[in-house]
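Visitor: I would like to learn how to read a structure of this kind. Please take me through some features one at a time.

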Amino acid sequence: MSVKTTEAPAVGAAPPPPQQPKRIGRGPGGWAGIAVNAALALLVGYLVLVPLVILLYSSFKASATDLPFDVPGFSVDNYISIFQSGQLGSVALNTAIYTVGSLLVSLVLSLCLAYLFERTDIPGRKILAPLALAPMAVPVTVTAIAWAIVANPSNGPLAILLRQIGIHINVYSMPGMIMVMGIFGVPSMYLMIAPALGRLNPELEEAAATVGAPLIRRLRLIVLPLIGPAVSAASMLLVVVILEGFAIPALLGLPNRTFVFSSLIQFSLQPPSGFANYSKASTYGVLMLVLSFAMLMVYRRRIRDAHRFRVVSGKGYRQTRTPLGRWRIPVVIVVAVYMFLGVVLPVLALLWTSLSPYARPITWDGLRDLSLTNYANVLTARGMGQTMLNTAEVVLVTATAATAIGTWIAVAAARRRFRGSGMLFEATSLAFGVPSIVLGAAVLYLYLFVPIPIYGTVWIIAVALVARFLPRASRLIQTALLQLDEGLIEAARVTGASPFTVTRKILLPLLSPALWKTWLWIFAHALGELPIALLLTSSDNRTLVVELWNTFTSSADYPQASALAVIILMISTIAVWLVNRRGAAEVEA
Amino acid sequence: MSNMSAQPTASSITIHELRKSYGRPRAGDPSYAVDGVSFEVPKGQFVTLLGPSGCGKTTTLRCLAGLEQPDSGRIVMAGRTVFDAGQRHQVRTEERPIAMVPQHYGIWPHMTVLDNAAFPLRHGRARKGQQNIKQRTLEMLDQVGLSGFADRWATQLSGGQQQRLALARALLSEPEVLLLDEPLSNLDAKLRVKLRMELRAFQEQFGVTSVYVTHDQAEALALSDTVVVMNGGRIEQIDSPERLYQQPRTSFVADFIGSANLIPARHVSEVSNGFLVQTDLGAFLCASRGQQKATSSETGHVCIRPENVEVHPLHSSPANVADHNEIAGVVAGAEFLGDRLELLVDVKGTRLTVTASAGLSARTGDPVVVRVQPAHTRYLAS
């Protein structure tokens, strides 16, 4: 499978603010456009801003058990108690270790892979390079469960394999969380680093080789500094992703009560005891929001400086590859082993367990009693039809609504036709900095206290997911717009066609591959998005991913959970495959 | 739609004092891409905006199309004011009576050749009441030699075919004014010459007023009724191709159109039949043709075209050389180009480019006399 979802670099980056010429005449359609902009501004504000304000409001209402709206007056007691408790320190430390550790794992792995695949003559690139990106199709919740199955100390195949050579591993630990998150972060990071390495003119490295610098020095002194901007941008983006990531720390950290910010917020709101601590959750939510925004600001600043290094890119040179010499075979073996352990084995174990009667190691003997019983049980379980329907509704509505709104926002901002378009676009990019667990909590607070009767329905999940994916949607479409030849639009305008006709007949058809891609991307991600669905779940609006969480955490039925995970994985893989197939078709056209 | 019927006027386009700057001009440092450009295009004429890149020619064209909004000035098109900064009046692109052939042709890749060409009839400003759209489009495609390609995807056309399709599309919208933005610049040299002849033939056949932008002086001279030479956002000269070549008004024009030897003037005095210009190489008598009289303090250049220089081998001593329009020099380089001989003649350290007949036997180091007729010597006040 060739994966080419270029999502990461564009997201959250500040577009160069183009000079807006003042328009003398405003056409008859102008006011309608401004009205749509105003309506969307209200909508975006309603989807993102209002929940966050409620969250902030709740954090100033000190009471452990009461609903925040029932508490009179304001106080900073929540903050005081959190800063005085030892928990903040340990959670912050955990979060820091988890974030830095995962980042380092991702960074080292993706740098090595990107350099090997882009710049050296390592054999088998055509198979191994796409394999490095293949995990993009696996939702993070499925990844976490797959790793729990493959590396749990009692019967995980990997744990058993390593025990034979005297290594004991336990995935339910901080090192386990770090390894899993680190490996999960590789594809998105690889996607940002590999193009930078591919664009790097080999002459720059060859020049160092001709004066006698050995490989390690060339890497350290020439290659790394030149791809520095790409690496640091990718790192900061990944830090935002790690910080807000919920499934891995929750599934792997909760059994031994290792909390990070995101899992603590969910735990406070949905504790096993059943008594939610709203003030604690909201206060931690505010802290997490501040942290995430700070990271995003740093990232945007870095992106702005990145153009300084543009000189290193260029065309018209021959792609020569560094020979690995006698290390060629050992290196490819190491890479292949990593690919097997990090990419293939978890999915394999997931499949194996989903076909097995109980959780057990992978053995030849086990082949005999593999069956589809788990799938049958899962699919015929009571309420499964409703869950499927809920999931379909949530995912389809989210993908369609986010793509439609995102298209308007991106097109309006790029064409600068209506007042406020640029501002609207910037507003959605701020929403990118809201961690999904915080967004989910904020939407939960809003609908708990504002009597709009969508709480408990699939619509509340769809609303929160639209808010979550809107920034991505408008960024993806904006990237496509930037690549569109402006002359094609101008050629239509000079024939005298109305702006509406130009948009309908020329702009949207030309954009349609990007629109499809955006839709499928959101489809795949909305399907696997756990924290929002989990926080907003009730008996009537369960989705597949929540079902998966419940099956895995409450009933600990590994085979059934695996079957569910495989079902989600298959749907997601088809969507991602379609995205990339369209990407390939675009290249051919 | 707006009323497109133009009142019969002599000029199809009038541009008055057009100014346009990109970015915000700071106080005291106004850098204009187009700086006070005024010209008129008579109905049915083919006018070319010519200049080096960055001279403001494309910006001027885009202002005409309404794709850029000028900072100041006025544009009248087919008797209708389409832009007036003073009155804050701007007619939008889609309501101007224009058609355009963009530099990269603007051929829509998601449509067939026929759909591309028929777009103005189906969706353009004159879309109401159009009959027989398909048949008329096919006729036009036939005219530009694309009739066999009507059902192909537009991306399957070659560069030259795309250019023809863009032209067909533009002509089908029956514009008052046809705007062409370097439409030949992406083609190879031979095709360029062929299509440039076709282009002119179509323009004459349809009688459409055309404004053409190019940086290629050969194109401009070959195609145009009138050439507007621009430099640094300003107009250097507006003239017919012949006059532009023979009577350049500034040293920029002389240098940009064809090649020219420009000799700095030291002193200029007016005589009965022209100017007597003292230079470091000697004195030149320059015939004045419709030129303003010059004050003696003025300096400038003497312009001599290489093909207007006569070269003779010097047999006798330099003393026999006449006191003006004749100078002695040494051949510093000779290139045989088949039909002619291109010489570099060194005169007191200044090198003149001279085109001589192929039969002249001149070698590097030979002493020669170069001579120019006053009628071919032009004084350019700077």
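**The interface between the chains**

Guide: Start where the chains meet. Buried area is the accessible area (1.4 Å probe) that two parts lose on being put together, summed over both. Here chain B and chain A bury about 2,300 Å² between them, with 61% of it on carbon and sulfur atoms. The model is predicted, so local features need pLDDT of at least 70 and side-chain atom pairs count only at pLDDT 80 or more, while totals for chains, interfaces and linings use all residues. Residues are numbered from 1 along each chain as its sequence is written, chains are lettered from A and ligands numbered from 1 in the order in which they are written, and side-chain values use heavy atoms, with hydrogens and water left out.

Visitor: How many residues of chain B are in contact with chain A?

Guide: Contact means heavy atoms within 4.5 Å. By that rule, 32 residues of chain B touch 25 residues of chain A.

Visitor: What is the count of salt bridges between chain B and chain A?

Guide: A salt bridge is a side-chain nitrogen of Lys or Arg within 4 Å of a carboxyl oxygen of Asp or Glu. The count between chain B and chain A is one. It joins the side chains of Glu490(A) and Arg62(B), at 2.5 Å from N to O. Both residues belong to a network of salt bridges that also includes Lys20(B) and Glu68(B).

Visitor: Which salt bridge in chain B ties together parts that are 133 residues apart in sequence?

Guide: Over all chains the structure holds 28 salt bridges. One of them pairs Glu176(B) with Lys43(B), the closest N and O atoms being 3.5 Å apart. Helices (H or I, at least four residues) and strands (E, at least two) are DSSP runs, numbered from the N terminus. Glu176(B) lies in the loop between α4 and β8 of chain B and Lys43(B) in the loop between β2 (34-42) and β3 (46-50), so the pair ties together parts that are 133 residues apart in sequence.

Visitor: By about how much of a helix are Lys194(B) and Glu198(B) separated?

Guide: By about one helical turn, because Lys194(B) and Glu198(B) are four residues apart in helix α5 of chain B. The closest N and O atoms of this salt bridge are 3.6 Å apart.

Visitor: What should I look for in a phi angle?

Guide: Most residues other than glycine have a negative phi. Glu174(B) has a positive phi, near 45°, and Glu182(B) has a positive phi near 40°.

Visitor: Is Glu182(B) buried or exposed?

Guide: Buried means under 20% relative accessible area, exposed over 50%, and partly exposed in between (1.4 Å probe, protein chains only). Glu182(B) counts as buried because its relative accessibility is 9%. Glu182(B) sits in the loop between β8 and α5 (189-206) of chain B. Glu174(B), at 60%, is exposed, and its place is the loop between α4 (159-172) and β8 (177-181).
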